[in-house]
Amino acid sequence: MSRETTAGAEMTAERLHVAGLHAAGDGAAGAVLSVRDLNVRFNSENGVVHAVRGVDFDLLPGKTLGIVGESGSGKSVTSLAIMGLLPTTAEISGSVKLNGKELLGLSDKAMCRYRGNDIAMVFQDPLSSLTPVYTVGHQIIEALTVHHPKMSNQAKEARAVELLGMVGIPSPKDRLKAFPHEFSGGMRQRVMIAIAIANNPRVLIADEPTTALDVTIQAQVLEVLHTAQEETGAAVVMITHDLGVVAGMADDIMVMYAGKPVETGSVDDIYYSPRMPYTMGLLGAVPRVDIAEKASLVPIEGIPPNLIHEPTGCSFAPRCPLVSDACLKGEPELWPVSGPRGAGSGMAGSGAHKAACIKTDSLGAEVDVHEIFHAPAVPVSRFDAVPRLERRKVLELRDVRKHFPLLKGSLIKRRIGTVKAVDGLSFDIREGECFSIVGESGCGKTTTLLEIMEFHKDQDGEVTIGGLSNKAASDARTKTAMRKELQMVFQDPTGALDPRFTVFEVLSEPLENAGLDKPAIRKRIMELMELVGLQPDHVNRFPNQFSGGQRQRIGIARALAVNPKLVVLDEPVSALDVSVQAGVINLLDKLRAELGLSYLMVAHDLSVVRHISNRVAVMYLGKIVEIGDVDNVFDNPRHPYTRALLSAIPVPDPQLERTRERIILQGDLPSPLDAPKGCNFATRCPVFAALPAAKQEKCLTLEPPLEPVSSPQAAPATAATAAAATAAAAVRAARAAVQTADQQFACFFPDGELDADMLVVHDSP
Amino acid sequence: MTNLNAIDPAAVAEEARIENDDVVIAKSAIILRRFLRNKTAVAGLVIFLALTVFSFVGGILSPWDKETIDPFNIGMPPSGEHLLGTSQAGIDLYALMVEGTRISILIGLVVGLVSVLIAAVYGCTMAYFGGKVDKVMLFILEALIMMPALLVVAVATSGGGNGLRENLPSWLLLIIVLLVFSWMGTARLIRSLSMSLMQRDFVKAAQYMGIPARRIVWRHLVPNIGSLLVLDVTRGVTGAILAEVAFSFIGIGIKVPDVSLGVLINQATSQVQTFPWMFWVPLVVMFLLTGSLAMMNDGLRDAFDPSSSSVGSAKKTAGKRNK
């Protein structure tokens, strides 16, 4: 640690060294985009926010740079600054060079020559980034016209068709005349990519391109982005908060924190030997879908620093578990990491592994993140020891249906069809367990929750909450008794709290309603604050004075106020940052164990589901296609849809990501209107596509029932043994239906009868 | 059980940090600050307040009142004795202006406030009950929008409303008629706004906790449309003042002997050439009144709109710092 002593003196030298290492001369040799000391400042109500503080990077042609970090770390601002899209009120300094030409300081008009031509962007929300009143063809052609005014109309149209084909939109010629609303979210994002690559840009900036999409669609879009990069040879800047998404795509990673890069390096360096505690925390905070072993997640306590004040020490110090006095003296620069995987071991052309931490050298790969961040022990519930069948049922659904009539006609409404949002759902939840429903959006998850939360007598199907059936819930007393057993935590912690209520008022509302007196309410609120890990003296604050994670904790406290047996969690962490998410998941886990709660969770993030759930149901078009113990279902998925879902989840492990074979589902969720007669999934099923015609007939005409997996828990490790095991299982199933494993699925031809290789779409087409 | 009185040093430090850092700013402070940042709006507010004060206490500054005729000064231009001159009948214009401004502001404020109140109650009720009630109430609302307000005002204040006119001063009658025709647009806006609020998660959360619907409306809906109501009040006030002026101008609004800005302008139009001060003074005051409200409105929108971009520029501040 000799560096510490002479840190101040070496800082400038170090800085020059860094720049020199990257850049021969001014711009790096061959770098298509080189950013130097980029600074962005905004004004806010509280003062000037220094949102980006000295970002440096070089992007070589054809390479992908992943920028990761929490929200507010300056990722998007960096990209917008490069594009010249920041509002004029922002102050930008530094240098952004595209092929050696300076972009900063150009007028908007001058910038237009580069934007969409040499440098293009894909935005996060595909729903709002296309103009609804023009056809997609028009919008692609517009992008071409702007930069190639001399191109003939035929040429432009031909190019548009070619582009749409390139991003995988079927029958591109006809789709050219379609309007954006005729496309699904994934398709629109493909169109956005088509527009972005229309003029063969040298640099493509993708700002959270898949965050708004479902996992299966995300896999498709990432694939398209990859193809687009290969076709155009563009360098890609991929901005994301999801470490899994970049693991398979990026060559280099830059981790940003508080507007500054805190660790840069090749993807392997960052994932396998992170040297900055923040990076380590981020990696430890992500639940893994491919690991069954249960360990608590690593929460990073606290919130990112306020960028109004220049940090005096390391910006991460207030949240860092390894903080020492030396950390508070001066902000550390990015120093090259020494060690076995240090400089030079990365990919050719990529920058050396650098980290902005004075303890870099003592943080090797052998350090355990869980120890550093004091991750809590895995909580054990008193119910865990009791066999599931002996526990009491807190919720039971029997054959619940929700069909919406689809009407047409302005004066006389004709019924032209039925949307089967929920179609014959049956499951039960026992005390102390977490049951999750997963599936793409539009599969009926939320409708299921609504059916449970808004139970009433005339429902189609039976909902039994805590032993009371909805059929008997005619009087207010029974309804109140049922409501008391059941509370809900919402997806969006901001929207779920009345902005005009203090925390005290928020929490006292259900208690007042339950008829408690004032002192009892006060006492209970203090207990609740303690329970969810908030400071009791914060009760007089308003929700907007809390961070997202804290708000979600308030939401959880409100749900727990009346001591419910079952808490319904509607995507409880999807609106939160990874690091905060870990804290909330740990809290939910702890509460389940301590209070003996049961959860019904709806989530699209399968990694979170795997981490927290005991049982899981996979829904597709209103039906459960596979249900069972979470480890059984995730380790040994039988339904092709489950397999596809699981394979689409990106894993924060670059080597695994590179070698993993994805089952990419073709197309989107079919419209519920023309839902297939037999198996719902037949239209997208890779197994179905590979079946001989005679067997396809069965899928198309008969609806597969939910059947238990009857093999004595054969958990085969590889697909080959899976084939053998299931073949054997089929024989045994005929002999005796002995259900040993807690897993049921609805498919006539589970993976076993086919060579698994046939179903996999390999990377190289 | 936790000891509630125990002082956690970490919490205290945190608290101090929050206080000093200005991290948590009360919403009212932000609204005020945003409003003050809009210089036009502040100017508007100052003008409006000045006019209001003038209309209430302006009378003391002049020995004349609107009834007294000065037989020696009939139709005289502004002079030392009569600051703004006198009318054709020899009445001090300054006294008339004080009276007229007061009536106009009164009409504006009452109509603006009460119509928004009616709109809030009506709109919330529609959204809260929904279904059939909503349909019927919406029909009434639409019917009122279709009705030609001008005709009704004309009938009520002249021919048909004789009985009414005997009992009520004409300005009160005008207020009532204006009220009937001014709340529909706002009501429809509030209806749609509360309907979307009903869909918000915090309202759902309250429903799932079993809170009665009436309490949800009162505790969650009404406070949350408050900022919109403030905006609508200023708009309503402007609208009412303009309507009063217009109606009085064509002779169906305020009737003499009551005075308002509209009446004054109306009286002077025929003799702009001979008594220009009689025309221009009330016109300028009316313009100041409506103009100041319009200027304020923009600032209020900036202040209340949560998505407002009114945060000032980083460049400016950075520049100041460099100086």
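This briefing describes selected sheets, helices and residues of the structure shown above.

The structure is a predicted model, in which local features need pLDDT of at least 70 and side-chain atom pairs count only at pLDDT 80 or more, while totals for chains, interfaces and linings use all residues. Residues are numbered from 1 along each chain as its sequence is written, chains are lettered from A and ligands numbered from 1 in the order in which they are written, and side-chain values use heavy atoms, with hydrogens and water left out. Chain A has 27 helices and 24 strands; helices (H or I, at least four residues) and strands (E, at least two) are DSSP runs, numbered from the N terminus.

**Chain A as a whole**

- Of the 765 residues in chain A, 56% are buried; buried means under 20% relative accessible area, exposed over 50%, and partly exposed in between, with a 1.4 Å probe and protein chains only.
- The accessible surface of chain A is about 31000 Å², and carbon and sulfur atoms account for 55% of this area. Accessible areas come from the Shrake-Rupley method with a 1.4 Å probe, and for residues only the protein chains shown count as cover.
- Among contacts (heavy atoms within 4.5 Å) in chain A between residues at least 6 apart in sequence, 70% join residues at least 24 apart.

**Strand E1 and its partners**

- Strand E1(A), residues 33–44, is mostly covered, with 9 of its 12 residues buried.
- Two strands pair if DSSP finds at least two bridges between them. E1(A) pairs with strand E2(A), residues 47–59, in the antiparallel sense over 10 bridges, and a hairpin of 2 residues joins E1(A) to E2(A).
- Within this pairing, Asn43(A) stands opposite Val48(A) in E2(A).
- E1(A) also pairs in the antiparallel sense with strand E4(A), residues 91–98, over 7 bridges; here Val35(A) has Val96(A) as its bridge partner.
- In a regular strand, side chains alternate between the two faces of the sheet.

**The sheet of 8 strands**

- An open sheet of chain A has 8 strands in the order E18-E19-E20-E15-E21-E22-E24-E23, with mixed pairing.
- Strand E18(A) (486–489) and strand E23(A) (707–708) stand at the edges with a single partner strand each, so one side of each has no neighbour in the sheet.
- Strand E15(A), residues 434–438, and strand E21(A), residues 615–620, run parallel and are joined by 4 bridges. Ser436(A) has Val616(A) as its bridge partner in E21(A).
- Helix H22(A), residues 640–648, lies across E15, E21 and strand E22 (623–629) of chain A and runs at about 105° to E21(A). For such angles, axes are lines fitted to C-alpha atoms, for helices over the stretch in contact, and the angles run from 0 to 180 degrees between N-to-C directions.

**The sheet of 4 strands**

- Another open sheet of chain A has 4 strands in the order E14-E13-E16-E17, and its pairing is antiparallel.
- Its edge strands are E14(A) (414–430) and E17(A) (468–469), each of which pairs on one side only.
- Helix H14(A), residues 445–453, packs on this sheet and touches strand E13 (393–408), E14 and E16 of chain A; the direction of H14(A) makes about 115° with that of E13(A).
- Strand E16(A), residues 460–465, runs antiparallel to E17(A), with 2 bridges between them. Ile465(A) stands opposite Leu468(A) in E17(A).

**Two buried residues in helices of chain A**

- Arg610(A) lies in helix H20(A), residues 606–612, and counts as buried because its relative accessibility is 5%.
- Beyond neighbours within four places in sequence, Arg610(A) is in contact with residues including Arg288(A), Asp290(A), Asp631(A) and Asp635(A).
- Val584(A) belongs to helix H19(A), residues 578–595, and is buried, with a relative accessible area of 1%.
- Residues up to four places away in sequence aside, Val584(A) touches Gly549(A), Gln552(A), Arg553(A), Ile556(A), Val573(A) and Leu576(A).
- Val584(A) and Leu297(A) are 287 residues apart in sequence, and their C-alpha atoms are 9.8 Å apart in space.

**Helix H5 of chain B**

- Helix H5(B), residues 131–146, has 16 residues and reaches 23 Å from its first C-alpha to its last, close to the 22 Å expected at 1.5 Å a residue. This expected span is 1.5 Å times one less than the number of residues.
- The buried residues of H5(B) are Asp134(B), Met137(B), Leu141(B) and Leu144(B). Seen down the helix axis, they fall within an arc of 90°, so they line one face of H5(B); the arc is that of the directions from the helix axis to the C-beta atoms.
- The cover over these buried residues includes helix H4 (93–129), helix H8 (170–180) and helix H9 (184–198) of chain B.
- On the other side of H5(B), the exposed residues include Lys132(B), Lys135(B) and Phe139(B).
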